[in-house]
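The structure comes first, followed by notes grouped by topic.

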Amino acid sequence: MRLVTFHLGCDFFCNKDKTLCSNPRKYIGKMMDNYKWIFGHSPKFASSPLMDGDHPELDTMELLNAEDTKIYQLLIGMCQWVIQIGRFNITMVVMMMSRFRAALQQGHMDHVKHIHRYLVKYKHGVICIDMDEPDYSNIPKKEYSWSVTCYPGAKECIPDNLP
């Protein structure tokens with residue numbers, strides 16, 4: 001059996017324990033190339049996808065112009081795709097930032113940039129999936145009796161006027 005090694009921006013491999021692993025490292029690399037192309041510099045590192053005292057709903061900075069709004073939407077879209085191919089750990093913060101698409105402010109853009117900084121620092125994060133079939137042989141099988149009910153003596157009411 002031949003294993004797929006790359007699909008839709010995600011690397012697949014088996015580790016030393018023969019466990020299937022996925023890592024969207026190449027896609028994150030492309031995200032960082034886009035970030036550098038848009039902003040003219042590489043993102044710095046961040047140790048968490050959330051910023052300190054994270055309350056983007058309280059942001060009072062100036063509104064983004066139409067061009068910056070497109071950039072914000074592009075950055076959010078890239079984050080949503082990286083979630084789809086395996087980086088589930090940023091789901092909550094990306095969905096939180098996705099709700100501000102109507103009236104975007106500079107602070108919202110700063111938050112999305114911070115998510116990208118986090119992905120750069122932890123671009124080698126891997127999800128491993130054990131492909132072995134679980135052994136359920138030592139789990140006792142329970143037999144259920146449907147004659148015992150929590151409603152003893154209950155009867156089904158059938159209307160007399162049914163067709």
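**Aromatic pairs and cysteines**

Phe39 counts as partly exposed, at 21% relative accessibility (buried is under 20% relative accessible area, exposed over 50%, partly exposed in between; 1.4 Å probe, protein chains only). This is a predicted model: local features need pLDDT of at least 70, side-chain atom pairs count only at pLDDT 80 or more, and totals for chains, interfaces and linings use all residues. Residues are numbered from 1 along each chain as its sequence is written, and side-chain values use heavy atoms, with hydrogens and water left out.

**Around Phe39**

- Tyr35 is buried, at 1% relative accessibility.
- Tyr35 and Phe39 lie four residues apart in helix α1 (residues 25–39), so about one helical turn separates them; helices are DSSP runs of H or I, at least four residues, numbered from the N terminus.
- The charged end of Lys113 sits over the ring of Phe39, 4.2 Å from its centre (NZ of Lys or CZ of Arg within 6 Å of the ring centre and within 35 degrees of the ring normal).

**Aromatic pairs**

- The structure holds two aromatic pairs (rings of Phe, Tyr and Trp, its six-membered ring, with centres within 6.5 Å; planes under 30 degrees apart count as stacked, over 60 as edge-to-face and the rest as tilted).
- The Tyr35 and Phe39 pair is tilted because the planes are at 55°, with the ring centres 4.7 Å apart.

**Cysteines**

- Zero disulfides are found in a search of the whole structure (a disulfide is a pair of cysteine sulfur atoms within 2.5 Å).
- Cys10 is in no disulfide, and the nearest cysteine sulfur, that of Cys21, is 10 Å away.
- Cys10 is buried, with a relative accessible area of 1%.

Key:
Helix = DSSP H or I, 4+ residues; strand = E, 2+ residues; numbered from the N terminus.
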